[in-house]
Amino acid sequence: MKPSVHTALAAVFCLILASVAWGASPKFGVVDFQRVLQNSKAGKAAKAEIEQKGKAMEAELKTKGQDLENQKKRLEAEAQVMTKEVKEEKARAFQSQVNDFNQLQRSYANDFKRFEVEKLKEIQDAVTGLLEQIAKKEGYAIIFERSRVLYHQEALDLTDELIKLYDKQ
């Protein structure tokens with residue numbers, strides 16, 4: 001296990017022991033962030049926005065890639081009548097365009113990933129604030145993210161309540 005996991009487990013264990021020592025049983029909750037993304041209005045809107053941006057980038061790259069393919073075919077057809085120097089110059093220019101296209105692909109991939117992370121972070125920040133409200137209001141000691149929990153009783157799942165509260169905003 002990673003040190004941060006050990007630390008988190010130790011903290012949970014200490015909270016449980018402290019709660020038992022004081023005679024109170026701690027209240028725990030679980031939230032499925034993926035379900036919040038899939039089912040909340042903001043999550044659906046973010047997903048649509050991410051998909052739209054991805055499709056726009058993909059369409060632009062497809063057009064530019066097709067242009068390069070067409071240019072390659074033209075160069076191959078014209079190569080028969082070109083001098084060696086002209087062929088080499090055209091080949092260098094074409095290779096430069098291919099390199100630019102490859103760089104553009106990498107740049108778009110990075111931009112897209114950054115955009116996706118920003119959108120998810122916006123939702124995560126909003127959800128975290130709402131979870132703090134729920135925890136304080138209802139007396140939860142700890143609320144776990146579902147992906148980090150091997151098993152939990154359905155009664156501990158706060159996801160639907162969180163989605164309803166989030167959609168009201």
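How many helices and strands does the protein have? The model, which is predicted, contains five helices and two strands.

**The whole chain**

Next, display the surface. The accessible surface amounts to about 12,300 Å², and carbon and sulfur atoms account for 55% of that area. Of the 169 residues in the protein, 24% are buried. If contacts are drawn between residues at least 6 apart in sequence, 83% of them join residues at least 24 apart.

**Helices α4 and α5**

Select residues 84–138, which form helix α4, and then residues 159–168, which form helix α5. The axes of these two helices come within 10 Å and cross at roughly 115 degrees. Angles of 65 to 115 degrees count as roughly perpendicular, and α4 and α5 are therefore roughly perpendicular to each other.

**The contact between them**

Now show side chains where the two helices meet. On α4, select I123, A126, V127, L130, L131, Q133, I134 and E138. On α5, their counterparts are E161, L162, L165 and Y166. Colouring this selection by residue class gives nine nonpolar, one polar and two charged residues in the contact of α4 with α5.

Conventions:
Residues numbered from 1 in each chain as written. Predicted model: local features only at pLDDT ≥ 70, side-chain atom pairs only at ≥ 80, totals over all residues. Heavy atoms only, no water. Axes fitted to C-alpha atoms, helices over the stretch in contact; angles between N-to-C directions. Helix = DSSP H or I, 4+ residues; strand = E, 2+ residues; numbered from the N terminus. Parallel < 35°, antiparallel > 145°, perpendicular 65-115°, else oblique. Contact = heavy atoms within 4.5 Å. Nonpolar A, V, L, I, M, F, W, Y, C, P; charged D, E, K, R; others polar. Buried < 20%, exposed > 50% of the residue type's maximum accessible area, 1.4 Å probe, protein only. Areas by Shrake-Rupley, 256 points an atom, 1.4 Å probe, with all protein chains shown as cover.
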